[in-house]
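Trainee: I'd like to learn how to read a structure like this one. Can you take me through it feature by feature?

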Number of protein chains: 2
Amino acid sequence: MKVPLLVNDFLRRAAGTYPGKLAVVDGPLRLTYADLEQRVAKLANALRSMGVAKGDRVCILSPNSHYFLESFYATSAIGAILVPLNYRLVASDHEYILNHAGVKVVLVDWEYTAIVDGIRPSLRTVEHWIAAGGDGPVPSGWRDWDELTAAAPLDAPPDPGMDEDDVVSINYTSGTTARPKGVMLTHRNCYLNAYNMIAHLGIRHDDVELWTLPMFHCNGWGGVYALTGMGGTHVVLRSIDGRKIFDLIERERVTFACMAPAVLRTILDYPDKQQHRIETRPRFVVAGAPPPAAFVERLERELGWQFIEIYGLTETSPLLTVNHPDHNVAADDWGQRARAGAPAIGVAIEVRDEHDRPVAKDGTAVGEVCTRSNVVFRGYWEQPAETDKAIRDGWFHTGDLAVWDANGTIHIVDRKKDVIISGGENISSAEIEDAIYQHPGVLECAVIGIPNEQWGETPLALVVPRRPGELSGDDIIAFCRERLAHFKCPSEAQIVAELPRTATGKLQKFKLREQFWSNRDRKVN
Amino acid sequence: MKVPLLVNDFLRRAAGTYPGKLAVVDGPLRLTYADLEQRVAKLANALRSMGVAKGDRVCILSPNSHYFLESFYATSAIGAILVPLNYRLVASDHEYILNHAGVKVVLVDWEYTAIVDGIRPSLRTVEHWIAAGGDGPVPSGWRDWDELTAAAPLDAPPDPGMDEDDVVSINYTSGTTARPKGVMLTHRNCYLNAYNMIAHLGIRHDDVELWTLPMFHCNGWGGVYALTGMGGTHVVLRSIDGRKIFDLIERERVTFACMAPAVLRTILDYPDKQQHRIETRPRFVVAGAPPPAAFVERLERELGWQFIEIYGLTETSPLLTVNHPDHNVAADDWGQRARAGAPAIGVAIEVRDEHDRPVAKDGTAVGEVCTRSNVVFRGYWEQPAETDKAIRDGWFHTGDLAVWDANGTIHIVDRKKDVIISGGENISSAEIEDAIYQHPGVLECAVIGIPNEQWGETPLALVVPRRPGELSGDDIIAFCRERLAHFKCPSEAQIVAELPRTATGKLQKFKLREQFWSNRDRKVN
């Protein structure tokens, strides 16, 4: 018998098996799985009554919240596609994405309604505006989420007749191009990624996850599905704050959290750790970039907690490899523990040279990480040429450069794609360069990622002025801050006389990067 | 990207990630995952060189052994279908199955070659005879497994181009009909069942499984795939023996085992438990029938080990429900712990009345367990009418009667199908009745399952003689022993004057069973 693999199976199981169990803690609000299922059904019915049909796009712009969690299951229940926005982007980014995805309904956290109102006139497809949370009345032009859903019927919405290859979400990610691309993840992608999260991160019915990871990040890396399917408890965290994190871990008996290395750093640097009595020995899963070995050691030695590094991309749902102490990796080899690890079930990985041939498995030869798996996305939304560039001959080319060893364990050493990863966020250097080129005093420029202790990497701009002496680094940074999300702005801008180019005029970024990355064993952070 | 879900992914991952890790312990033999992969490749190539092609059937008749484990992956690697035989059957059963499945190659443990030789003239499709194990030379007419594979090439066989809906094994099971039916399990069935085993039984890379379960039982309930995929270690057990079990648990640091209740009993009754120093706190997973609550208590209290009850059928790959202490079930509610439990991920279950409507979720109303899931088999091999009887309107009707509660937790109370489960084996009462009817002194008969402390249930024959006084119970048992596998023979035969029938002449077996099952909360064991 063949039944489509649809992500709503996860909530259905939790609500059926654990109706009275705590599903969500969000500030003072505590929802059981029966509550969550009801809220999801009501939202789904409310969206249907607005005319949202199978395949329609619904976006959410929100920090982590129970509303965000509900939006995943309510949209997929009626066959709609969720577009989770990165709330750190600026209005012009949101405008581009909402128009590009042709979004019909926007679900927006109360703190973000103003930014959406600012671009309202240029949003070509949005028909409905729904505001979530906040204490006072919703702003004019918005409908209140809770009022809307309170009035909606409680019955499960009719089966939209989905196929497992239908798209469940479009997750916009910055990469090599100036504009973000919409990664289409299917039900099957997300379903099998959730099984791999459960298998390789050992997610159990008694896990309590603290949401140190933004839910918009690849659907909370799939935790939205994996933890729910097992009947675990979601503890929502709206923003990263050391005291709040330790308070919640202690009070809610948290056992599990996912994060970027920058969040791990915040946790390790929190000064009042000893004031908390934490007995749950939580598992901290880190991805985005390999953290310093010292972070792993501090987490395991000082706090006695458990560290697990994973590797993946939004395009891979994301879990590709996992690394925790086992037959191949000694528990106290902190450097090895911080590496990407070995493939998950059903994930074929090859590290390949420029002719698409595997490089030697000797821990030295560098090649591009390529993968063939059911967790690889369906394609970029309305960008078939970009899709064909990324998926060739049935293999997705990640753009990450790595070495691998005889056990197939990979270690990311550099990035082929011109992308900077800062605090877990992808930043396109092309996008920053585009902004800088708008400055009339700029002749040419290049943006590269440089190592940064806090964020892993930050962008550095190298700028050649039209007329020497008429431009400063601060001018460039200020100019960028008016045009780009703050996290994308260069932390430093240097005025230089020229940029290194090949004979044919091609910019040699690797030469620019060399001086900042020398004496390091890898060129990503 | 869509890649077919094929079970060889599990071995590929283990051999790639854990090449030097211990994969199999079989007596003095210890194989790493690299060894296992090589042995599998050689067997696959040997089978190919004999002309075994995609879709061809290969059977294995063997107690648990590393050969058995290898046969699963070698057949599926080349797209062949494995037919694992129950070694407890008699020659005429094997003859029926081998001819019915149209088996091309038989793989037979050295202790079982004689039984196959006895039926050789009537096997219509078998072309190749391969014997495994043993010390001396193989009998005449057989080729030696090790010699054959030693000469075979080591390269991975060419990709047979499989679809995930292709059949991976045909598992013959006794049910309501006198002849066993061939349950076709697909790659997708087995793959998703393996994920559910991993998720709900918490299978990890450092698990060591003792094979207290015959590998022929629904492909070792999927453990053949699940444990391998996670890179755990298989400790082979050829036959059930208390001392051997305790020795292996201690020596190999076993953490996990699956079994029927009768095996659990053997383990609990082993007298010299205290002579063993066991620190691994193994998880014992029991299925087949709910064991007595006292078994659960003894395992957890006396031994300090962990008990998990699951429920399923060969037709469901098999995992349908799982029960371990959690939000709904108190750890020391031994009776509740022995029940079937709640659905696994992606398993829809309904307890339905005779009109296919769900009965009340009140723990009292009895209905038939029906399920809709990707773990439900593709159909019975060459028995489309039987398939259509079992799968109706997209739901598989298990024939098991249960109550369910508000959490969807089910408790099996009776069996709709006329099948007896004894020591974990399905026995068709129709098959026993057929045998008894061959006795010239029998007028009519009925076989029912009655409670038995050792085996859960055993068959009881009620026989009406043609002429009073000319037939004894012992005659009937002796007659059966000449015709049926011993485990199927009635443990008792009673001579009666008449059998209760309805007005229309239909036999009322439930009336016969009542007297034996009164004062029990359920009518299965």
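Mentor: Helices (H or I, at least four residues) and strands (E, at least two) are DSSP runs, numbered from the N terminus. Before we go on, residues are numbered from 1 along each chain as its sequence is written, while chains are lettered from A and ligands numbered from 1 in the order in which they are written. Also, this is a predicted model: local features need pLDDT of at least 70, side-chain atom pairs count only at pLDDT 80 or more, and totals for chains, interfaces and linings use all residues.

Trainee: How many bridges link strand E14 and strand E15 of chain B?

Mentor: Two strands pair if DSSP finds at least two bridges between them. Here strand E14 (residues 306–312) and strand E15 (residues 319–323) of chain B pair over four bridges, in the antiparallel sense.

Trainee: What is the strand order in the open sheet of chain B?

Mentor: Read it across the sheet: E2-E1-E11-E10-E12-E13-E14-E15-E16, nine strands with mixed pairing. Strand E2 (29–32) and strand E16 (342–343) of chain B are the edge strands, each pairing on one side only.

Trainee: And what is the order in chain A?

Mentor: In chain A, nine strands form an open sheet in the order E2-E1-E11-E10-E12-E13-E14-E15-E16, and the pairing is mixed. Its edge strands are strand E2 (29–32) and E16 of chain A, with each pairing on one side only. At the E16 end, strand E15 (residues 319–323) of chain A pairs with E16(A) over two bridges, in the antiparallel sense. There, A:Thr321 stands opposite A:Pro343 of E16(A). A helix joins the picture too: helix H2 (residues 33–49) of chain A packs on the sheet and touches strand E1 (22–26) and E2 of chain A, its direction making about 90° with that of E2(A).

Trainee: Now helices. How do I describe two of them packed together?

Mentor: Two packed helices are described by the angle between their axes and the distance between the axes. The axes are lines fitted to C-alpha atoms, for helices over the stretch in contact, and angles run from 0 to 180 degrees between N-to-C directions. Take chain B: helix H2 (residues 33–49) and helix H3 (residues 66–77) have axes that come within 8 Å and cross at roughly 55°. That makes H2(B) oblique to H3(B); angles under 35 degrees count as roughly parallel, over 145 as roughly antiparallel, 65 to 115 as roughly perpendicular and the rest as oblique.

Trainee: Is the crossing of H2(B) and H3(B) left-handed or right-handed?

Mentor: A crossing is left-handed if the near helix is turned anticlockwise from the far one by less than a right angle, and right-handed if clockwise. H2(B) passes H3(B) in a right-handed crossing. Residues are in contact if their C-beta atoms, placed from the backbone, lie within 7 Å. H2(B) brings B:Arg39, B:Val40, B:Leu43, B:Ala44 and B:Leu47 to the contact, and H3(B) brings B:Glu70, B:Tyr73, B:Ala74 and B:Ala77.

Trainee: At what angle do H1(A) and H8(A) pack?

Mentor: At about 30°, with the axes of H1(A) and H8(A) 7 Å apart. That makes H1(A) roughly parallel to H8(A). H1(A) passes H8(A) in a left-handed crossing.

Trainee: Let's turn to the two chains. How are copies compared?

Mentor: Two copies of a chain are related by a rotation about an axis and a shift along it. Copies are superposed by least squares on the C-alpha atoms of residues with pLDDT of at least 70 in both. Chain A can be laid on chain B by a turn of 180° and a shift of 0.0 Å along the axis, with an RMSD of 0.1 Å. The two copies are thus related as by a two-fold rotation axis. The C-alpha of A:Ala199 is the one in chain A nearest the axis, 2.9 Å from it.

Trainee: Which residues meet where H7(A) packs on H7(B)?

Mentor: A:Tyr195, A:Ile198 and A:Ala199 in H7(A) meet B:Tyr195, B:Ile198 and B:Ala199 in H7(B). The axes of H7(A) and helix H7 (residues 187–201) of chain B come within 9 Å and cross at roughly 45°, in a left-handed crossing.

Trainee: How many residues of chain A are in contact with chain B?

Mentor: 37 residues of chain A are in contact with 37 residues of chain B. H1(A) gives the largest share of the chain A side, five residues. Since 100% of the interface residues of chain A are also interface residues in chain B, the copies meet through the same surface.

Key. Contact = placed C-beta atoms within 7 Å.
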